[in-house]
There are 2 protein chains.
Amino acid sequence: MRLSPEEARARFEGERIARLATAGADGVPHLVPVTFVVEGDSVAFAIDHKPKSTTALRRLKNIAENPVVSFLTDRYDEDWARLWWARADGVARVLTDPDEQALPVQLLREKYPQYEAQPPPHAVVSTLVHAWRGWRAS
Amino acid sequence: MRLSPEEARARFEGERIARLATAGADGVPHLVPVTFVVEGDSVAFAIDHKPKSTTALRRLKNIAENPVVSFLTDRYDEDWARLWWARADGVARVLTDPDEQALPVQLLREKYPQYEAQPPPHAVVSTLVHAWRGWRAS
């Protein structure tokens, strides 16, 4: 059954990993897992890799060409009555200004202590979500 | 570090759930979790929902407009040294002929006993994978 936007957002926010889908001007979808934080109606994640990394470039190149993105969280269980997923669809913007990055980086470090051992991010992508959707089997 | 195509394929095949990204002519990426089987270099999944379901329609509409799709499996762990993901990029085709559906449906039922209690699928989508890619943290 469909989840309300509020329930979809709450389930999404409670997860540790989401999958980001982007599609560039060529229309080819690209998928990668991301750690993330929800701040209001925005989903933010950091680009930890150096810009020379092909993976990071593809993600950022696609967003530059087409900022419409989608994030998915889900729960698999062998009892299919317990399946659910939650999705955030929105428009992404790359934050390169350290002042703009400060709050999402702080929230990421609070959610993921693992970030304390990581170098500062190369960039932060913030996505303004226009639709929270979700489904649960029962 | 990058995974070889063989290792990416093997890790992908060992998972129970993947995320499917499609993008229609409008370039909007769409994400949904799917159960799946790997058969040679193809990834197949079934559309269980009735065609009137909006979700199923969006997935099939996008594939009809733009058959290039991507699937992702991943493993999250609080020990980030254990993170990995594996991705299959390819071109999808909707199988509606029961003869064409027979093998993937049989493989899906063997992998997922849960399908025994489900009605026959509305359609099966088979994706010929042109690239297996993956990454593991260590």
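**Close-up views of a predicted two-chain model**

View 1. Residues are numbered from 1 along each chain as its sequence is written, and chains are lettered from A, and ligands numbered from 1, in the order in which they are written. Local features need pLDDT of at least 70, side-chain atom pairs count only at pLDDT 80 or more, and totals for chains, interfaces and linings use all residues, while side-chain values use heavy atoms, with hydrogens and water left out.

**View 2. The interface of chain B and chain A.** In this interface, 33 residues of chain B are in contact with 33 residues of chain A. The buried area is about 2,900 Å², and carbon and sulfur atoms give 66% of it (buried area is the accessible area, with a 1.4 Å probe, that two parts lose on being put together, summed over both). Pro29(B), Leu31(B) and Trp80(B) supply 24% of the area that chain B buries against chain A, more than any other three residues.

**View 3. Salt bridges across the interface.** Four salt bridges are found between chain B and chain A (a side-chain nitrogen of Lys or Arg within 4 Å of a carboxyl oxygen of Asp or Glu). Arg19(B) and Asp74(A) meet in a salt bridge, at 2.7 Å from N to O.

**View 4. Salt bridges of chain B.** Glu7(B) pairs with Arg11(B), with the closest N and O atoms 2.9 Å apart. The two are four residues apart in helix 1 (residues 5–13) of chain B, so about one helical turn separates them (helices are DSSP runs of H or I with at least four residues, strands runs of E with at least two, numbered from the N terminus). A second salt bridge joins Arg75(B) and Glu15(B), at 2.7 Å from N to O. This pair links distant parts of the chain, 60 residues apart: Arg75(B) lies in strand 5 and Glu15(B) in the loop between helix 1 and strand 1 of chain B. Arg75(B) is partly exposed, with a relative accessible area of 39%, whereas Glu15(B) is buried at 13% (buried means under 20% relative accessible area, exposed over 50%, partly exposed in between, with a 1.4 Å probe and protein chains only). Salt bridges with shared partners join Arg19(A), Asp74(A), Arg19(B) and Asp74(B) into one network.

**View 5. Strand 5 of chain B and its partners.** Six of the eight residues of strand 5 (residues 68–75) are buried, so this strand is largely enclosed by the rest of the structure. Strand 1 (residues 18–23) pairs with strand 5 in the antiparallel sense over three bridges (pairing requires at least two DSSP bridges). Ala21(B) stands opposite Ser70(B) of strand 5. Strand 6 (residues 84–95) is joined to strand 5 by eight bridges, also antiparallel, and Val69(B) stands opposite Gly90(B) of strand 6.

Terms used: Contact = heavy atoms within 4.5 Å.
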